[in-house]
Amino acid sequence: MLNAPLASTNSFSLVRAIVKICQRDWIVDIIWIARSGNQAADALATNADFSALDTIHLHSPPEFLWTLLSHDVSSSSFDPA
């Protein structure tokens, strides 16, 4: 979807937002990570309260994330170097 000729007019607002970011004078790498490869992010999204539109700052992970974070770290093959 991101590489489609009319991506900037896509009906999905997320696609339009990503296209705008990619059009800036930045170096952007888009890396797809399977849901199973980032279980903590998936759990946060699943448990999100979409009725509240305010930004929520977490100073420590919620209790339900500890096991998932440990799993994500131990199974990560991401090498930022």
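Q: Contact here means heavy atoms within 4.5 Å; leaving aside neighbours within four places in sequence, which residues is Asn10 in contact with?
A: This is a predicted model, where local features need pLDDT of at least 70, side-chain atom pairs count only at pLDDT 80 or more, and totals for chains, interfaces and linings use all residues. Residues are numbered from 1 along each chain as its sequence is written, and side-chain values use heavy atoms, leaving out hydrogens and water. Asn10 sits in the segment before H1 (helices are DSSP runs of H or I, at least four residues, numbered from the N terminus). Its contacts beyond those neighbours are Met1, Val15 and Arg16.

Q: Is Asn10 buried or exposed?
A: Buried means under 20% relative accessible area, exposed over 50%, and partly exposed in between, using a 1.4 Å probe and protein chains only. Asn10 has a relative accessible area of 16%, so the residue is buried.

Q: How does Val28 count in terms of accessibility?
A: Look in the loop between H1 and helix H2 (39–46) for Val28. Its relative accessibility is 31%, so Val28 counts as partly exposed.

Q: Which helix has the highest confidence in the protein chain?
A: pLDDT is the predictor's confidence in each residue, from 0 to 100, and the protein chain averages 81, with 91% of the residues scoring at least 70. Confidence is lowest in helix H3 (residues 66–75), at a mean of 81. The highest, at 87, belongs to helix H1 (residues 13–23).

Q: Over residues 10–48, how far apart are the end C-alpha atoms?
A: That stretch is 49% helix and 0% strand. The end C-alpha atoms are apart by 25 Å.

Note on methods:
Helix = DSSP H or I, 4+ residues; strand = E, 2+ residues; numbered from the N terminus. Contact = heavy atoms within 4.5 Å.
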